[in-house]
Amino acid sequence: MLSESELKLDLSIIKNDLATGIRECSHRGLYHSAKWLSEINFSIAHIKTSPEDDNKAEVELESESYSLAKSYFDLKEYDRCAFFTEACVEPKPRFLHLYSQYLSIEKKKLDNMTDTNCPPDPTKNNALRMLCTALKEDHFLNKLDGYCLYLYGIILKKLDLNSLAMDIFVDAINEEPLHWGAWQELALLVPDKSTLLSLRLPSHWMKYFFLAHVYLEQLNNEEALDIYYDLHGQGFEKSTYIMAQMAIAYHNRRELDKAILMFKELLHLDPYRLDNLDTYSNLLYVKEMKTELANLAHTAVNIDKYRVETCCVIGNYYSLRSEHSKAVLYFQRALKLNPQYLSAWTLMGHEFMEMKNTNAAIQSYRQAIEVNRRDYRAWYGLGQTYEILKMPFYCIYYYKQAQQLRPNDSRMILALGETYEKLDKPENALKCYYKACNVGDVEGMALVKLAKLYDKLNEVDNAAAAYTDFCLKEEDQRGGGYDGENEFYNAFQYLANYHLKRGQLQDAYAYAYKCIEHDETKEQGKSLLKAIATRRAEQEGFLVKTSDQSKNNVTDLSNDANGSGMEMVFSPLNN
Amino acid sequence: MKIVSVDNINVDNYRKLVHTYLNLHAYNTALFWADKVVALTSGNPRDIYWLAQCMFLLKQFHRAAHLLRSKNLDKSYILCNYLTVRCLFEANELNEALKVLNSMDLEVFLQTGNTSCNVSIDAGMFDDTPKYQVQSSVLLLKGKVLEAMDNRGLASECYKQALQCDVYCFEAFDSLICHHMLSAAEEQELLNSLPIAQQCTTAEAEVLRTLYKSKLKKYNTIVGVIPTKTCKPIYHNTPLQTSLIVLHKKFVNIAETPKASTTSCTPTSEVGMDKTEDSKAEHMVLDSLENSIQIRLQQSLDLAVSQAELFYYNCDYVQCSKLTENILKEDPYHAACLPIHISCMVELKQSNKLFTLAHNLVDLYPNLAISWFAVGCYYYVIGTIWTLVAVENEHDQAMAAYFKMSLTFVYIGLECGLTNNVRLAERFFQQAQIIAPDDPFVMHEMGVIAFQNLDFETAEKHFQDALIRVKPIKDSIVPERWEPLLNNLGHTCRKLKKYCEALEYHHQALVLCPQSASTYSAIAYVHSLVNNIEDAVHWFHKALGLRRDDTFSTTMLNYVIEQLSMEQLPYPDAPDFIPDYDIGTNVEEDTTTNDNAGNSSERQITASDMSIEVDL
C-alpha cells in the first residue's frame, strides 16, 4: 500500500499543518492531541517556515461566552462550562458544550468508583445515552463538525457500538485530518488489515503515522517498522514518539535487547517522559533486570506518583520481587486512575494467577479483553485459568484466540495441544505440537510431546524420528542446566526399544547404553542391554546356521557385526 | 325600636349588596343580606335562588339543596333545579341528584320556555344567562353525575349534547377527550359534527377548531424531525418565548404531516399570502403569523402543555421535560402540566427533582391526588415499591383519575399477561385497541400476546404495524422506548426462521439501547441457530460480561463452546491429516542455530562412541 516513492513528505507543509492543528486542538481542550502534535512539531524544530505563513494564523475574536467556558473547562468545572455554552452556535463553544458534558459524565463515573465496583458498571450509562441521543439528532441534521463527530464516535465506542463508531471516526478524520485523537481511536477499532485497506481515508501525511500505528496495534510489527524507518529517514529522526513506537515493535517481536536499548536512548533524550514506560518495565521484568527496574521505579515515582505508567512500573517491580499482593495494590491504583488502562488489567491478572486467585484473575483478564480484544496475553491467561478450573472447552477457545493473534508463538499452540490431549483428541494435539515445532519451540517441550503422540497413534517411525531429533537437541543443551532429565532418558529408552525391535542392534545398543547414565532408567537400560546381547547371540547363531537367509537380516547383521559392540555390552556393568 | 314600613325600603338595594359581596367573595356577609332579602320579599324564588347560591359558595351543599327543595323550586325553575343538582353532586348524593335532574323535563322547559311566560320570565329574571348555555350546563352536569355513577355510555351522550348546545362548553369537550370515552375516529367525528359555524364567526370558529384540535388524541400523530428551515427564529430571547416559537414551528409541522389535520395553521399562512403579493411574501407570512391569533394564543400555557403531552406520547422525554420545566417556571402549579411533568421525571429517573416537587406539593396541597401521585412516583423511581403500593391503595380513586383509560387497559392487560392469563389479557388489549386503534403501544402488546399464543405470523404483523407507526417519516430517530419492540420483532423473526432479519432487528435495538445483556444473548442465540458458532460464542461472552448470572447464556455458552472446540480445526491452517515428521530438516532450513546444534550433537555422539571404544 505504501511504496517508497509514495512516501514523500514536505516538512514545511507539515509544519504549517501542525501549527494549525495544535491551535485548533488546544482551543478545544483536546490536550492529548495537542501534545502529540507538539511533540512531532518539536522533532522538526529545525525546519523554518516562511514568515508569511506564520502571519496567516488569523487572530480570531473569541466570544465572551467561549472564553468564560474555556476557563471553566480548564479548571475542570465541566457542568458550568456546559451551562454557559448551551445557546452557543459557533463551532468552538459548541464543541466545548458537548465535550464538557461528556467529560463531566466520565469524571463523575470515576469519582463514584469504589474498590468494589472497579470498573464502573457499564449498564449504568443513562447520562451517556442521553448525550448520545442528542448527538445522534445533531448528526442526523448534519450539524456536527469534525471535532463533534469525534466526540460522537467516542461516545458510541463507550456504548459498545463499534462498527457505527468506526464510520463516524472515518468521517471525523476526513473533516479534520489534523486531529490525532480521532486517528488514534480509529486505530483501536480497526479489526484487521483488510478492513484497514477498505477505509475511506484522506491522503494526508497523518495517514502514514496512522497506518504504522494500526499495524503495530495489529501486531503486524514488520510493516509498522517499515513505515517508522521511512518516517525516521524523512526528517523525523528526532521524534521521541517514533522511537517509542519502534521500541514497542521490537518488544512485540521479542527482540528484547534491541527494545531495551531503544528505551534507554529515549530516556536519555527525554528523561521525564512517562509514556510507554510500562512496556519498558515489562521488558526489564522479562529480562529479570532487577536493579534497572528498581531504578526505573524510583525515577517514575519522582516524576509523578499518580500516573498509570508509574503504578505499572512499581507493580512490575514488586512482582519481580515476588511480592504479589503489593503488586496487585499498585495495579489497582493504576486502574483507579484509569479503568481503561489495558496493561494494568493484564498484569493484575498475572499477579492473581501467582496468588492462586483464579476468579479474580479471570475478572482481570476479561476486563483486559473488554478494553482491547487484541491482548493475546490476556487470552492466554484466560486459557490458563480455565485449565486450572478444569474447563477444557473454554480453554481451547481462549488459547485459540491467543494463537490467532500470535500465529508464530509456540507457547500458545503448545498450550492448545496440551488441552487437546486432555480432551483425548490426540490428532489435533499432534497437529498443534507439529506446528509448535515448526514455528520454533521456545521452551523445548514440543518435540518430545510430539514424539509421544506419534507413538500413541502408532506412527512409530515418526515417533522415532522425533525422539532422535529431541535427543540430539537436548544433548546439546544439557550443559545449560536442563532438568527434564527423565524425558531425555525416556527418549533414549524408547529409541533403544525401537531399534531393538527393528533389529538395529548397533543403534539400540548405543541408546540403551545411554539409559544407564540415569537412575530412573538404569534398570531398564540394563535389561535392554541384556536383551540386545541375547538378540545378538541369537542372530550370530542363526547366521551360522542359515547363512543364506533373507537380505534384510544380512544387512542388519552386517550393520551390527563390527565387533566393537560385543565388548561394549558388558563394559557398562563394570562401571 | 322604630317600625319601618316595608314600602320604605328598597329591597333592590339589599339585592345589590348581596351581589357586591358575592363578587368580593365575602360570602358570609352576602349570605346574611340574602337571608334578609328573602325575609323581606317573603320568599321570592329569585331571592331564594341567590340565598342558595351563597350557601353553595360557602360549601353548605346540603343546606342549599334543602332550601331549594323545601320550597319546591327545583321543580319549577330550571336554574334552581340546576343548582340543587349541583349541590347534591358536590355532596356526593348521586342518586338524589339524578332523581332531581329527572324530575324536571328539560325538553318541556325548552319548548314551553318560548310560550309559557311564567317559566321563561322567571328564568330570565334570575340572571341574563342565555338559554342554550343553561341547557348545555344542565346536560354537562347530568353527564358528570352519570359518569360519577359509572354510566359512561350515557354520560358521554350527555357531554356530546352539551357540546352541541354550546360549542364553547370546554368542560364537556375535555371530559370526552381526557377520560378517553371516544375512540380516535369518534373524536374526529365529534369535532366535525359540532355546529361551530352556526354558533360563532368564521375567525372565532377557526380559533376554536385550533384549540380543540390541540387536545385531540396524542398518539395518533408521531412528530418527525423538524427541518429547521421552515421558520427562522427572529423572535425575542426569553426562554419561554423561544420555546413557544419552537413549539409553534412544530405545530406547523404537525399540520404538514399527512396524518394530522391541515386546518390548524396552514389557513393563516394562506391568508398571509393573500395579503401580500410582492416578493417579500415569506417575510410577510412570518409577520402575519406573528400577529395571528394563533400565535398570541400560544402564550397560553395550555397549548404548551398539549405540546408537552405530544412529546410524552412520542417518548421524547428529554424534550418534554424541557418544555414542562419552562411551563412550570411560569405557573409552578399548572394542574394539567404536573402529571406530565412527573411522568417525565419518572421516565428520566430524576429522583432528586421529583423528591423536591413531591414535598412541595404535599406541603401545599395534601388533599390533591397529584401530590400523592408525585410521592408515589418518587418511591417508584427510588425503587421502594411497597410504599408505592400503600400510597396507591390510599388514593386509589385519585390514581384512577390520572391514569389514562387506554393506557390503563394496556396496564391491566400487561398484568394479566404477566400472570399468564393470556385470554383475559387479549380481551383487554382489544378493548384498548378499540379506543386507540393506531396506538403503537397497544399494537405492540397485541403482538406480545400473539407471540405467547405461538401465533408468530400475527405477532410479526402486529409488531410491524407498530414499527411503522413508531418510525418517524425519515426513519431517523426512534425513541429509546421502542427497543423492546425491535427485540420482540427479532425474536419473532427468529421463530419464523428469518434469521437475517432477526439479526438486523436485534442490532437496531442495540443502537437504540446499547449494552443490553438480553439483546446480546438474543443475537448470540440467532448466531448459534444458523451454526455461526464463533460469533455465537463471542456474543454470549458479551452478554455474560454484563450479566454474570444469566443461566440461559451460561448454558448456551457451555454448549456452543464445546461444539466449537470439537468442530474447529486446532488452528487456522492445520492439515486434515497427521503430518509426517520432517521437522528435523525444516528446522535445519529455518534456523541456523538449531542446525548447528543438531550437527554438533551428532558429532558428539559419535565422538563418545569413539571414546568408549578407545577406552576399551
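Helices (H or I, at least four residues) and strands (E, at least two) are DSSP runs, numbered from the N terminus. The model is predicted: local features need pLDDT of at least 70, side-chain atom pairs count only at pLDDT 80 or more, and totals for chains, interfaces and linings use all residues. Residues are numbered from 1 along each chain as its sequence is written, and chains are lettered from A and ligands numbered from 1 in the order in which they are written.

Chain B contains 37 helices and zero strands. Of its 616 residues, 38% are buried (20 or more other C-beta atoms within 10 Å of the residue's own, with C-beta atoms placed from the backbone).

In chain B, the axes of helix 2 (residues 27–40) and helix 3 (residues 45–57) come within 9 Å and cross at roughly 155°. Axes are lines fitted to C-alpha atoms, for helices over the stretch in contact, and angles run from 0 to 180 degrees between N-to-C directions. Helix 2 of chain B is therefore roughly antiparallel to helix 3 of chain B (an angle over 145 degrees).

| Span in chain B | Helix | Strand | Distance between end C-alpha atoms |
|---|---|---|---|
| Residues 483–516 | 79% helix | 0% strand | 10 Å |
| Residues 517–550 | 79% helix | 0% strand | 9 Å |

Definitions and conventions
Buried ≥ 20, exposed ≤ 12 C-beta atoms within 10 Å, placed from the backbone. Parallel < 35°, antiparallel > 145°, perpendicular 65-115°, else oblique.
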